[in-house]
Amino acid sequence: KTGENVGKKLKEGIFSPTVKTTHGKSSLNSSALYNKDGEEGINMEVVESTMINMSNRNVATSRVANLFGVGSLVEQSTNVKVRDKKTGNVKEGSLMTLAKGASAEDRANDMKDQMTKIKSVEERERIAKGKISPTLQKELSSLQVLDYICGQGDRHRGNYFTEMDGEEKQLTHIHGIDNDNAFSSGVDVEKLARR
């Protein structure tokens with residue numbers, strides 16, 4: 001479920017489970033740019049601590065989803081340690097199952113491109129409604145409730161994938177990814193980085 005090459009990459013020691021997972025801006029951008037004295041420079045302690053916390057948040061989200069019986073709504077995560085065979089360094093992070101489908105952002109852009117060619121508002125509305133299955137509507141509502149419970153503040157169209165039924169061309173299922181901002185304490189990480 002994690003993709004064809006992940007096992008091979010883990011064995012080879014070249015897979016880094018602490019890859020930045022937030023789209024565009026990372027939560028590390030501001031916090032890691034200052035050393036302990038508040039001067040510009042990378043604060044590796046903050047980087048490593050933040051990455052481990054992000055991994056734990058991903059894992060916690062999938063565990064809560066499983067607890068509530070909606071584990072299929074988010075990709076399952078587990079904490080891992082990977083040793084690089086070349087350097088011997090051990091990296092900690094999380095490994096997440098591979099999400100099926102395409103990001104909702106990509107789907108929305110495809111739909112927008114399709115809709116610009118249709119002049120009738122009624123026809124655009126009919127097509128859009130026909131693309132969304134009742135299952136998808138239910139799953140999206142359930143994901144919103146799960147995100148609320150987990151304190152997920154970073155759920156946007158780039159952070160969940162949608163599957164499409166090949167026959168009816170309807171969006172049928174969702175898969176939440178990038179759950180590393182859940183369970184946030186609201187602490188100002190930038191201040192912590194400057195201490």
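**Entry 1: salt bridges**

I counted salt bridges and found 4. My rule was a side-chain nitrogen of Lys or Arg within 4 Å of a carboxyl oxygen of Asp or Glu. The model is predicted, so I kept to its limits: local features need pLDDT of at least 70, side-chain atom pairs count only at pLDDT 80 or more, and totals for chains, interfaces and linings use all residues. Residues are numbered from 1 along each chain as its sequence is written, and side-chain values use heavy atoms, with hydrogens and water left out.

I noted the general point that side chains of opposite charge can pair when their charged atoms come close.

I looked up Arg157 next. Which residue does Arg157 form a salt bridge with? The partner is Glu105, and the closest N and O atoms are 3.3 Å apart. Arg157 sits in the loop between helix 6 and strand 4, while Glu105 belongs to helix 4 (residues 104–115), so the pair ties together parts that are 52 residues apart in sequence. For these names I use DSSP runs, numbered from the N terminus: helices are H or I with at least four residues, strands are E with at least two.

Then I checked accessibility. Buried means under 20% relative accessible area, exposed means over 50%, and partly exposed is in between (1.4 Å probe, protein chains only). Arg157 has a relative accessible area of 41%, so I wrote down partly exposed. Glu105 is at 30%, so Glu105 also counts as partly exposed.

I moved on to Glu123. Glu123 forms a salt bridge with Arg126, with the closest N and O atoms 2.7 Å apart. Both residues lie in helix 5 (residues 121–131). They are 3 residues apart, which is about one turn of the helix. Glu123 is partly exposed, at a relative accessible area of 28%.

**Entry 2: Asp147**

I found Asp147 in helix 6. Is Asp147 buried or exposed? Its relative accessibility is 7%, so Asp147 counts as buried.

I set aside its neighbours within four places in sequence and listed contacts (heavy atoms within 4.5 Å). Asp147 touches Gln152 and Arg155. The Arg155 contact includes a salt bridge between the side chains, at 2.7 Å from N to O. Arg155 is at 21% relative accessibility, so I recorded it as partly exposed.

**Entry 3: a surface patch**

I looked for a nonpolar surface patch. Phe68, Val145, Tyr148 and Ile149 make one of about 490 Å². Patch residues have over 30% relative accessible area and no salt bridge; like charges are joined within 9 Å, and nonpolar side chains (Val, Leu, Ile, Met, Phe, Trp, Tyr) within 5 Å. Accessible areas come from the Shrake-Rupley method with a 1.4 Å probe, and for residues only the protein chains shown count as cover.

Ile149 lies in helix 6. At 46% relative accessibility, Ile149 counts as partly exposed.

**Entry 4: strands**

I turned to the strands. In general, strands of a sheet pair through backbone hydrogen bonds, either parallel or antiparallel. Two strands count as paired if DSSP finds at least two bridges between them.

What is the order of the open sheet? Its 3 strands run 3-4-5, with antiparallel pairing. Strand 3 (102–103) and strand 5 (171–176) are at the edges with a single partner strand each, so one side of each has no neighbour in the sheet. Strand 3 pairs with strand 4 (residues 160–164) over 2 bridges. Ser103 stands opposite Phe161 of strand 4. Helix 6 (residues 134–150) packs on the sheet and touches strand 4 and strand 5. Its direction makes about 20° with that of strand 5; axes are lines fitted to C-alpha atoms, for helices over the stretch in contact, and angles run from 0 to 180 degrees between N-to-C directions.

I also looked at strand 1 (residues 77–83) and strand 2 (residues 90–96). They pair in the antiparallel sense over 7 bridges. Lys81 stands opposite Glu92 in strand 2. The two strands form a hairpin with 6 residues between them. In the turn, Gly88 has a positive phi of about 80°.

**Entry 5: the chain overall**

I ended with totals. The chain has 7 helices and 5 strands. Of its 195 residues, 34% count as buried. The chain exposes about 12,400 Å², and carbon and sulfur atoms supply 51% of that.
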